[in-house]
Amino acid sequence: MRNYRERWRELVRGVLSSMQREAGLPADIPADALPPETPPNLQMGDIAFPLFGFAKTLRTAPPLIAREVARRLAAAAGPGLGTISAAGPYVNVQLDRPSVTAEVLDAVAREGDGWGRTDGLAGTRYFVEFSCPNTNKPLHIGHLRNDALGESLSRILGAAGAEVLKANLINDRGVHICKSMLAYQRFGGGATPESAGVKGDHFVGDWYVRYHQLSQEDPTAEEEVRAILRRWEEGDPATRELWRRMNGWVMEGISETYRRTGISFDRTYHESELYTIGRDVVLDGVARGLFEREADGSVWADLTAKGLDREVLLRSDGTSLYLTQDIGLAIHRAKDWPFDRLIYVVA
């Protein structure tokens, strides 16, 4: 496509050069004077050249210049390149699909894996974060979408010469994880994915669904979940052992999905290993007067001066949230693999 853009650019440039010469003007046209664009509607064409910049030189309205350029090129472009037409101040090019397809396929056959690769991003480092599942349920269609986008984007950047690190953040701690744990404690009876004949991530996801039924039946369930989270953050051995076992079941199932869909990562981060970094940063911010502690003990960041909201960083019981660990991850990530660009692939 780039090759066709340049070929058409030279044709349009040659016609404009002739028109300037005929008008008694210098025929030279700067190389950057005709930036090719993509029309907003592909029915208008595949490539567009704006001619506003030639109105003053030729002392002619851009639409008239466009019509004249299109007229002169209508029969001069040669077979296989496509057709040109005027649309207001633009000349639009409709490529010849069979010719373009044949040329691309020939190039792919000749160049193999090297086709389409460039060094345009050589020397740059891209950190691409995607997927980021929770360990209380299986991947869903939104994860499949983001996994496809993240993997594809990473490969494209790599083919353009960039050094790319594909990263996954496993959200493996928090209230949502404790909900599955509570339901399993109440009703699991020692069952395993193997004994139930269910893939591990689906097995744990079923207990997450069961929790929501439990919460409708037992008004104390929510407080019991928070108690589990507090025990987890305090390092209670029994709580941690159950957490590791259930997380292991989920990750075994999710890893199988990654293998089947061709998704891989260069680095995997776990919220459980990073949330304390964020919590320490937040507590330091409180001491320095950057964050506000409410009467109930919760900690907030006031971002209203930036046109945003007030955001809670620590709950009243001192436990962390997603935002807390995101602060820690941002600091850890920049130290772990310094990068030029960071790309989050989100829903």
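Guide: Ala, Val, Leu, Ile, Met, Phe, Trp, Tyr, Cys and Pro count as nonpolar, Asp, Glu, Lys and Arg as charged, and the others, Gly among them, as polar. This is a predicted model, where local features need pLDDT of at least 70 and side-chain atom pairs count only at pLDDT 80 or more, while totals for chains, interfaces and linings use all residues. Residues are numbered from 1 along each chain as its sequence is written, and side-chain values use heavy atoms, with hydrogens and water left out.

Visitor: How many cavities of 30 Å³ or more are there?

Guide: The search of the whole structure gives 1. On a 1 Å grid over the protein atoms alone, a cavity is a set of points where a 1.4 Å probe fits but cannot get out; a pocket is an open set with protein on both sides within 12 Å along at least five of seven lines; lining residues have an atom within 4 Å of a point. Points are joined across faces, edges and corners, and volume is the space filled by probe spheres set on them.

Visitor: How much space lies in the largest cavity, and what lines it?

Guide: About 40 Å³. The lining is T135, N136, I177, S180, M181, V204, W243, M246 and N247. By class the lining has 5 nonpolar, 4 polar and no charged residues.

Visitor: What does M246 touch?

Guide: Leaving out residues up to four places away in sequence, M246 touches S180, M181, Y184 and V204, with contact meaning heavy atoms within 4.5 Å.

Visitor: And which members of the largest nonpolar core touch the most others?

Guide: M181, L182, Y184, F203, Y211 and M246, out of 36 residues. Such a core is a set of buried (under 20% relative accessible area, 1.4 Å probe, protein chains only) Ala, Val, Leu, Ile, Met, Phe, Trp, Tyr and Cys residues joined through side-chain atoms within 4.5 Å. Another core, of 24 residues, lies apart from it and includes M19 and I47.

Visitor: Switching topic: what lies in the second largest pocket?

Guide: About 220 Å³ of space. Its lining includes E129, H140, H143 and Y344, and divides into 6 nonpolar, 5 polar and 1 charged. Helix α5 (residues 141-159) gives the most to that lining, with 3 residues.

How values were computed: Buried means under 20% relative accessible area, exposed over 50%, partly exposed in between (1.4 Å probe, protein chains only). Helices (H or I, at least four residues) and strands (E, at least two) are DSSP runs, numbered from the N terminus.
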